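Take a walk through this protein chain. We start at its surface, then turn to its overall fold and its side-chain pairings.

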Amino acid sequence: MSQRNETHEKTRKLVGMALLIAIIAVLQLFAGSIKIGVTSFSLVLVPIVVGAILYGPTAGGILGGVFGLIVLIVGISGTDQFTFFLWTSSPFWTVVTCMGKGIGCGVAAGWVYRAMHGKNQTLACTLSAMSAPVVNTGIFALIMSTVLRAELEQVLGVSGGEVISVLFLTVIGVNFLVEFALNAILSAAIARIVQVASKK
């Protein structure tokens with residue numbers, strides 16, 4: 001690849017990343033208030049997946065990190081009461097939760113696509129899209145059921161083994177199913193976006 005083409009590709013990637021970051025910010029700030037249970041479901045996973053597929057796992061991690069940072073800022077400001085409560089109770093683990101699940105889902109989406117795209121691009125896009133909510137919710141569930149369990153018990157008003165049931169049936173259950181279904185439905189559109197973008 002000539003230096004001119006390489007510069008063009010870098011510019012294209014920067015512009016693409018900037019556009020995806022803007023979409024993530026708009027979706028999270030204006031659509032992030034849509035809630036089922038005590039937590040909001042993430043409409044921003046789609047642009048994260050698109051970026052992870054087009055530009056790789058590192059780009060996916062960056063986009064996921066932007067998502068996590070916005071969630072954190074919104075929580076610290078008090079706009080999201082659940083995240084604000086976690087922040088006041090345990091700032092460190094709130095940062096780990098918000099950033100970890102965001103970065104994790106972006107990186108995972110990128111690696112899943114990278115592992116599968118040589119076999120079938122549509123299948124690779126579908127599996128990549130589906131992996132994002134699995135990792136996003138999985139990291140959240142792991143942290144909430146372990147290091148932030150006491151805080152969760154206080155929010156839900158339950159204790160002991162009951163908190164895990166409530167966590168998966170209410171806080172996570174419906175939210176995860178909505179995110180997973182949304183990503184599954186849009187995976188064909190994601191595949192088309194990738195196909196068009198790859199030809200440019």
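Patches are made of residues with over 30% relative accessible area and no salt bridge; like charges are joined within 9 Å, and nonpolar side chains (Val, Leu, Ile, Met, Phe, Trp, Tyr) within 5 Å. Accessible areas come from the Shrake-Rupley method with a 1.4 Å probe, and for residues only the protein chains shown count as cover. The model is predicted: local features need pLDDT of at least 70, side-chain atom pairs count only at pLDDT 80 or more, and totals for chains, interfaces and linings use all residues. Residues are numbered from 1 along each chain as its sequence is written, and side-chain values use heavy atoms, with hydrogens and water left out.

Now to the surface. V26, L29 and F30 form a nonpolar patch there. Together they have about 350 Å² of accessible area. L29 belongs to helix α1, which covers residues 3–31. Helices (H or I, at least four residues) and strands (E, at least two) are DSSP runs, numbered from the N terminus. Is L29 buried or exposed? Its relative accessibility is 52%, so L29 counts as exposed. The cut-offs are these: buried means under 20% relative accessible area, exposed over 50%, and partly exposed in between, using a 1.4 Å probe and protein chains only.

Q28 also has its place in helix α1. Its relative accessibility is 10%, so Q28 counts as buried. What does Q28 touch? Contact means heavy atoms within 4.5 Å. Leaving aside neighbours within four places in sequence, Q28 is in contact with V44, F67, I70 and V71. Q28 and F67 are 39 residues apart along the chain, yet 7.4 Å separates their C-alpha atoms.

Step back to the whole chain. It has eight helices and two strands. Along the sequence they follow the pattern α-β-β-α-α-α-α-α-α-α. The chain has 200 residues, and 42% of them count as buried. Consider the contacts with a separation of 6 or more: residues 24 or more positions apart account for 69% of them. The chain exposes about 9900 Å², and carbon and sulfur atoms supply 68% of that area.

Charged pairs come next. How many salt bridges does the whole structure hold? A search finds two. A salt bridge here is a side-chain nitrogen of Lys or Arg within 4 Å of a carboxyl oxygen of Asp or Glu. One joins R12 to E9, with the closest N and O atoms 3.3 Å apart. R12 and E9 are three residues apart in helix α1, so about one helical turn separates them. R12 is partly exposed at 30% relative accessibility, and E9 is partly exposed at 33%.

R149 forms a salt bridge with E153. Here the closest N and O atoms are 3.5 Å apart. Both residues lie in helix α7, residues 149–156. They are four residues apart, about one turn of the helix. R149 is partly exposed at 26%, as is E153 at 22%.

Finish with the rings. Rings of Phe, Tyr and Trp (its six-membered ring) pair if their centres lie within 6.5 Å; planes under 30 degrees apart count as stacked, over 60 as edge-to-face and the rest as tilted. By this rule there are two aromatic pairs. F92 and W93 have ring centres 5.2 Å apart and planes at 80°, so the pair is edge-to-face. F92 is exposed at 56% relative accessibility, whereas W93 is partly exposed at 31%.
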